[in-house]
Amino acid sequence: MPGPITIDNRLKIKNPPQDEAADHILMRNAETKEVSSFPKEEVFAPFLAVMDNIKTEIAITAPIDPTAANFADVINALPSFTIDGKTIPTFKAISLGTDPVTYYVELLNIGRGDYGIGNTALTTANIKITSFEPTVTEIETLSTTQTIDLGSSASAIETVLNAKTPSILIQDQNTGYTVIKLTNGGVVESYLWLGVTGTYGAADLQSTAADFQLLSNVTSVSKATSAKFGIVKTDVTKPNPTVYVKETVDDLLSNKVNKVTGERLITAAEITKLSGLGSITTTVKPILSTVLATQNVAGFVTYINVLNPVLVVGASEIVKYNTTDTGRVFELKLRGRSFGVGQAAIVAADVLEVTEFLNKDLKLSNYPNTRNDGQLPTNRVLSTDVNGNLKLYTIAIAPAPWIKELIPDSYLPSTTGNIRILGDFFTPSMCDRILNPNAIILGGVTINYATFVTSQEILVNATTGSVEGAFSCTLDNGLSTTKASALLITYGTVFKPTAAEWTADTSFDISKEGELHMGIYATYKSATWNRVLDYTQTWRIQFKLEKSPLGDPMGAGVAGGTDERNFTIIKASNNTELSQVSMYQNSNSFKTFGGIIGSGSAQLYPHQPASFWATSNPIQVYEYRYIAGTLYFYIDGVIKATMHTGTENMLFKIKLKAYDVVGIKYIQL
């Protein structure tokens with residue numbers, strides 16, 4: 001290179017001639033005015049050797065919470081790096097999420113040395129953060145970004161994506177951004193995907209306009225978080241706008257910035273206000289809704305104005321109150337003062353209700369209860385459950401079914417036949433086994449089909465199972481009822497007493513098969529079933545109690561004692577009583593005693609409260625079982641007493657004054 005080169009302020013860099021290499025520049029000699037071509041590295045090497053404060057940019061991962069402390073932790077965890085006094089590293093990070101942010105982190109008040117993992121640790125005092133909305137180019141250059149080009153179309157972007165064949169798989173946005181491009185009229189538009197992950201296209205998931213956010217290549221300021229507040233200016237006159245100057249508040253106060261006509265320096269008061277924004281804290285105080293006179297802003301204002309002790313709110317503090325039992329949230333709009341007894345009272349304008357939508361009371365002013373839009377087309381209504389969740393319910397069109405009894409063609413196991421279900425409030429829809437498969441449920445059987453006869457009878461065709469027992473019946477017409485031990489399945493022969501088989505007092509109603517109804521309340525009357533109970537066979541007698549319409553079984557006038565002998569087994573030869581069970585009201589309890597005649601009575605069952613008779617037909621099943629020559633007494637399948645050993649044929653006798661007896665069966669095994 002000829003002689004020393006002097007570069008004056010008129011130096012111009014031009015494109016080299018076509019025969020010159022692209023890595024050369026043209027320079028003019030100040031003395032000879034001669035223009036020569038030189039390699040770039042030879043020209044700039046002397047300058048680079050003495051340059052200081054060269055800025056470098058290092059990419060890092062943005063923390064979830066972009067505070068100075070968290071950025072310090074990220075940088076401290078980087079592989080070891082050296083600051084030698086010539087380079088000033090700037091760290092760049094782009095956050096994930098539907099609102100991406102580019103963060104630039106500058107280091108303050110640090111010297112030469114090694115930093116990163118295992119070296120000098122940075123603190124919040126060393127961190128200055130400036131944040132911007134990232135450009136499309138910045139987002140696309142991330143290794144985790146998925147870029148999708150939908151080609152050219154004048155249609156809306158969601159329409160184009162929804163018509164795609166084959167479909168397109170869009171990644172989980174927790175993994176990385178997805179940028180979708182569409183060329184419209186020669187202009188490439190880039191959109192940030194805000195929707196959920198999945199496969200989208202003509203035969204798959206469909207997007208909506210809300211799933212897209214139009215992006216721009218213009219860098220603009222979205223927020224700034226720093227120990228010092230700065231002003232960031234953008235040169236929008238250039239083809240690709242870039243930030244070109246950053247000035248701190250300290251510079252403004254020191255008049256270190258150039259002002260143009262019409263601009264002013266911010267005041268110290270404004271700076272104080274701005275500096276407080278960097279350290280705002282939010283305090284949430286839990287209270288119960290019961291402390292509020294009314295569940296609204298007015299009730300909260302009253303509560304705050306009488307607080308004792310007084311609430312003190314700092315200048316950089318936001319205070320919210322949350323009613324933990326109802327979810328309402330009220331925020332005080334005032335800071336840097338005290339609230340409560342003896343303090344300046346607040347008004348409704350000083351409070352902001354920030355309750356989440358689903359916790360607010362809803363008011364539909366256009367729908368008063370006087371409005372009528374006609375008959376409900378479907379049997380459905382919106383209502384809430386015990387936790388306040390909104391649900392769609394069926395409206396009951398009748399009271400819950402009442403189950404009187406089940407009468408099968410056969411009681412045998414593994415047999416197909418009809419079962420008559422008698423009761424009330426039955427509906428035709430209950431028999432639709434396709435739409436309402438659970439409207440009729442019978443234990444121990446398989447239902448083949450059901451036929452609606454009347455609102456008081458349903459005919460069920462069923463196949464009994466192979467297991468013996470007494471099984472429940474559940475009916476549902478919109479409301480559900482279950483009757484326990486409603487259906488008996490047994491290998492024995494079942495007999496029910498008819499009117500001709502009773503030797504009874506004339507006041508008894510014996511017109512219904514298998515039932516005995518008293519005719520006079522509070523006066524004992526007796527009846528004997530003349531079916532002989534063979535002492536050489538195995539058999540059972542079952543029965544249930546039912547509340548009579550003539551009077552209350554718990555009434556004062558029907559009180560009894562341990563020797564009432566309501567249900568007895570007597571000798572067929574001379575009607576001598578052998579064993580008995582007494583069930584009666586005494587001291588507002590329903591009691592059960594029994595035993596062998598002449599040997600005293602033992603308590604057979606815990607005393608039951610008056611609520612035992614709250615329904616018309618208590619569900620307990622009582623049984624005498626005669627097995628291998630010995631008589632036992634059972635309640636709901638559980639043995640309660642051993643009565644006596646049989647030596648001759650017997651009869652079953654009933655004595656009533658307070659309730660009816662139904663479901664009477666003799667089962668010979």
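Predicted model: local features only at pLDDT ≥ 70, side-chain atom pairs only at ≥ 80, totals over all residues.
# Notebook: strands, turns and a surface patch

**Entry 1**

Strand E38 covers residues 577–586 and strand E39 residues 589–596; I find 8 bridges between them, and they run antiparallel. The two form a hairpin with 2 residues between them. Ser587 sits in that turn, and I noted its phi near 55°, a positive value in a residue other than glycine. Most residues other than glycine have a negative phi. I count Ser587 as exposed because its relative accessible area is 61%, and the cut-off for exposed is over 50%.

Then I went to the other neighbour of E38. Strand E37 (residues 567–571) is joined to E38 by 4 bridges, again in the antiparallel sense. Thr568 stands opposite Gln580 in E38. E37 and E38 also form a hairpin, here with 5 residues between them. Asn575 in the turn has a positive phi of about 65°.

How many of the residues of E38 are buried? I get 9 of its 10, and I put the strand down as mostly covered.

**Entry 1. Another positive phi**

I checked Asp636, which lies in the loop between strand E42 (630–635) and strand E43 (638–645). Its phi is near 50°, a positive value in a residue other than glycine. Asp636 counts as partly exposed because its relative accessibility is 38%.

**Entry 2. Cis peptide bonds**

Most peptide bonds are trans. I recorded a cis bond joining Thr165 and Pro166, with omega about 0°. Pro166 lies in the loop between helix H4 (157–162) and strand E10 (168–170). I recorded a cis bond joining Asn308 and Pro309 as well, with omega about 10°. Pro309 is in the loop between helix H7 (297–305) and strand E19 (311–313).

**Entry 3. The sheet E26-E27-E30-E29**

I traced an open sheet of 4 strands in the order E26-E27-E30-E29, with antiparallel pairing. Which strands stand at the edges? They are E26 (402–408) and E29 (445–454); each has a single partner strand, so one side of each is left without a neighbour in the sheet. Neighbouring strands of this sheet are turned by 25° against each other on average, direction ignored. Between E29 and E30 (residues 457–464) I found 8 bridges, running antiparallel. Thr446 has Thr463 in E30 as its bridge partner.

**Entry 4. The sheet E18-E20-E21-E23**

I then took an open sheet of 4 strands with the order E18-E20-E21-E23 and mixed pairing. Its edge strands are E18 (281–287) and E23, each pairing on one side only. The twist averages 25° from one strand to the next. E21 (residues 329–332) pairs with E23 in the antiparallel sense over 3 bridges. Leu332 stands opposite Val351 in E23.

Leu376 counts as partly exposed because its relative accessibility is 46%. Leu376, Val381, Tyr393 and Ile395 make a nonpolar surface patch of about 300 Å².

**Entry 5. E5 and E6**

Is strand E5 (residues 87–94) enclosed or open? I find 6 of its 8 residues buried, so E5 is largely enclosed by the rest of the structure. E5 is joined to strand E6 (residues 102–107) by 5 bridges, and the two run antiparallel. Phe91 stands opposite Val105 in E6.

I looked up Thr178, which is found in strand E11 (residues 178–184). Thr178 counts as buried because its relative accessibility is 0%. Its side chain makes a polar contact with the side chain of Gln146, at 3.0 Å.

Ala209 is in the loop between strand E13 (198–200) and strand E14 (212–214). Ala209 counts as partly exposed because its relative accessibility is 48%. I noted that Ala209 and Thr159 are 50 residues apart in sequence and 8.8 Å apart in space, C-alpha to C-alpha.

Technical notes
Residues numbered from 1 in each chain as written. Heavy atoms only, no water. Patch = residues over 30% accessible without salt bridge, like charges linked within 9 Å, V, L, I, M, F, W, Y side chains within 5 Å. Areas by Shrake-Rupley, 256 points an atom, 1.4 Å probe, with all protein chains shown as cover. Salt bridge = Lys/Arg side-chain N within 4 Å of Asp/Glu carboxyl O. Buried < 20%, exposed > 50% of the residue type's maximum accessible area, 1.4 Å probe, protein only. Pairing = 2+ DSSP bridges. Axes fitted to C-alpha atoms, helices over the stretch in contact; angles between N-to-C directions. Polar contact = N/O pair within 3.5 Å; in protein donor to acceptor, adjacent residues only side chain to side chain.
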